[in-house]
Amino acid sequence: MRQLPSFDLRALARRAASLRPLRRRAPGTLTLPEAEDAGRERLRDLAALLCELGSELLRAGSRTAEVEAALHDVAARYGMRVRCFVVPTGLFVRVGGGPDGRGGELDFAPVEGPDLRLDQVEALQSLVERLRKEGLPFEEVRAALRAEREQPERFSPATTVLGYVLLTVGLGAMRHATVAAVAGYAVLGLGVGLLRLFGDRLPAGRSALPVVTAILVTAVSLRWAGPLLHEQPTVLYIPPLIAFLPGAALTLGAIELATGAALSGIARLAGAVNVLLLLALGILVGTELVRARPAGTPPSEALGAWAPWVGVLLLGFGFLLYFSAPPRVTGWLLAALLAERLVQSAAGELGGVTFGAFAAGVLLPPMAGWIERRSKTPDQVVFLPCFWLLVPGAVGLTSVSEIIVEGDTNGGLASLVNTIVTVAAIALGVLVGAGLQRRTRLRIGEPSPAGLLDPDGGGDGTGSGPVREG
């Protein structure tokens, strides 16, 4: 009588697991197999590649936690564990080693160069999404990063300056809109746009550009605002400095602190405060050089309630032109800015300015995610302009200048406290809104059982296993 073969249930289970290297362990988490044949050279290449990618993400304005999550996901696609230490000025990346973090290869990259334009941000985020879905060859990734960095500006210098004029007029119309003031915003915005156009081409002068610009804008406002425009000089010299205002840095720094990234949060806030002090120093020097001339007639009447809404649209078009955004995102970006302004205004009427800032922050992450799914526009392209719309940087500069220039410690300190509270409200709102989002995370599981892969050394043929170079 023939003996029936016995079944090894454990071996059968291991083989079934090997046939599904991509498996779901928990909601929103996908587990990938660990690469078992990675040599030291491959580990070094991947560490260098992740450092380069992380540096570009930081230049795009991403939070350090978002950079760490992206690098973990990308490394998981290559079947590697990774540990990161990320700050706004640089990052360390260790690839490989065991679950305890020992071993592997370590690399470092500083964050150098100016912030990315919106078209570069879109190209970078699209590359990150591709890497989350498949492990591309290293050379292909490096070529994509080089193409993103060398991507030419979408618009001519004249169009870029026009974009800065629209940014200035838009911000000014949201704060104080009269016919004379709008004319002043346009002239000063044109001058600052030309200064930035030439200043950005002189790396040695970039650090002095905020101070020099603030001096010139303040001097011109004091000399001609009163007799020509019949407006207060303080109304005019804040909007033209919009490109230097660190509103996004203040908000991102508060978010970093709230999420436990104390070092990154303090670094961002310190950098933002330094920019505010430099601008306030320039305003102080300008007031010392030129005396204000009184207006001959009373100021003109403010425009209607429609003016701030037109200012939002001008701000959006200015972003599109000045930061070289892809034209196809125009409608989505304008709709996002109007929605943010509507929610901020409506919530402000119900619960005050702080609650309005919080409500606008809550709306931002789910709205940006919804736009990303509908239009394939990376959410960062929507995040950055909306941060500027909330303009805590403009309020912060106003309060600092009141304290330093005008000596109004009571009013200036009150404005400064309001700025801090507003920034905290926006940051808390963004965190609450981000908690409503669900993004699939990738992780590394246990190594695949030896001898269960196919003879060619590949996975199951689905393309979900680790990618091997060469």
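# Questions about a predicted model

User: Where is S324 found?

Analyst: S324 is found in the loop between α12 (307–322) and α13 (330–351). The helices named here are DSSP runs of H or I with at least four residues, strands are runs of E with at least two, and both are numbered from the N terminus. A word on the source: this is a predicted model, in which residues are numbered from 1 along each chain as its sequence is written, local features need pLDDT of at least 70, and side-chain atom pairs count only at pLDDT 80 or more. Totals for chains, interfaces and linings use all residues, while side-chain values use heavy atoms, with hydrogens and water left out.

User: Why does S324 count as buried?

Analyst: Buried means under 20% relative accessible area, exposed means over 50%, and partly exposed lies in between (1.4 Å probe, protein chains only). S324 has 2% relative accessibility, so S324 counts as buried. Its phi is near 55°, a positive value in a residue other than glycine.

User: What makes V187 exposed or buried?

Analyst: V187 lies in helix α7. Its relative accessibility is 57%, so V187 counts as exposed. The C-alpha atoms of V187 and V169 are separated by 9.5 Å, and the two residues are 18 residues apart along the chain.

User: How do you know whether α7 and α8 are roughly parallel or roughly antiparallel?

Analyst: The axes of α7 (residues 179–199) and α8 (residues 209–229) cross at roughly 155° and come within 11 Å. Each axis is a line fitted to C-alpha atoms, for helices over the stretch in contact, and angles run from 0 to 180 degrees between N-to-C directions. Angles under 35 degrees count as roughly parallel, over 145 as roughly antiparallel, 65 to 115 as roughly perpendicular, and the rest as oblique. The two helices are therefore roughly antiparallel to each other.

User: What is the handedness of the crossing of α7 and α8?

Analyst: The crossing of α7 and α8 is right-handed. That word applies if the near helix is turned clockwise from the far one by less than a right angle, and left-handed if anticlockwise.

User: Which residues of α7 and α8 meet?

Analyst: From α7, A180, G184, L188, V192, L195, R196 and G199 meet L209, T213, L216, V217, V220, S221 and L229 of α8. Contact here means heavy atoms within 4.5 Å. By class, nine nonpolar, four polar and one charged residues make up the contact of α7 with α8. Ala, Val, Leu, Ile, Met, Phe, Trp, Tyr, Cys and Pro count as nonpolar, Asp, Glu, Lys and Arg as charged, and the others, Gly among them, as polar.

User: Why is the pair of R44 and E105 called a salt bridge?

Analyst: A salt bridge is a side-chain nitrogen of Lys or Arg within 4 Å of a carboxyl oxygen of Asp or Glu. R44 and E105 are 3.6 Å apart, N to O, so their side chains meet in a salt bridge. R44 lies in helix α2 (residues 40–59) and E105 in strand β5 (residues 105–110), so the pair ties together parts that are 61 residues apart in sequence. With a relative accessible area of 38%, R44 is partly exposed, whereas E105, at 13%, is buried. R40, E41, R44 and E105 are linked in a network of salt bridges.

User: What makes E256 and R268 a salt bridge, and how many does the structure hold?

Analyst: The closest N and O atoms of E256 and R268 are 3.1 Å apart, and the two residues form a salt bridge. E256 lies in helix α10 (residues 247–258) and R268 in helix α11 (residues 262–289), so the pair ties together parts that are 12 residues apart in sequence. E256 is buried at a relative accessible area of 0%, and R268 is buried at 13%. D119 and R117 also meet in a salt bridge (3.2 Å, N to O), and both of these residues are buried. The structure holds 14 salt bridges.

User: How do you know whether T377 is buried or exposed?

Analyst: T377 has 1% relative accessibility, so T377 counts as buried. T377 is found in the loop between α14 (353–375) and α15 (379–389). Not counting residues up to four places away in sequence, T377 touches R328, V329, I371 and E372.

User: What makes α15 mostly covered?

Analyst: In α15, 11 of its 11 residues are buried. Among them are D379, F383, C386 and W388. In the protein chain as a whole, buried residues make up 48% of the 470 residues.
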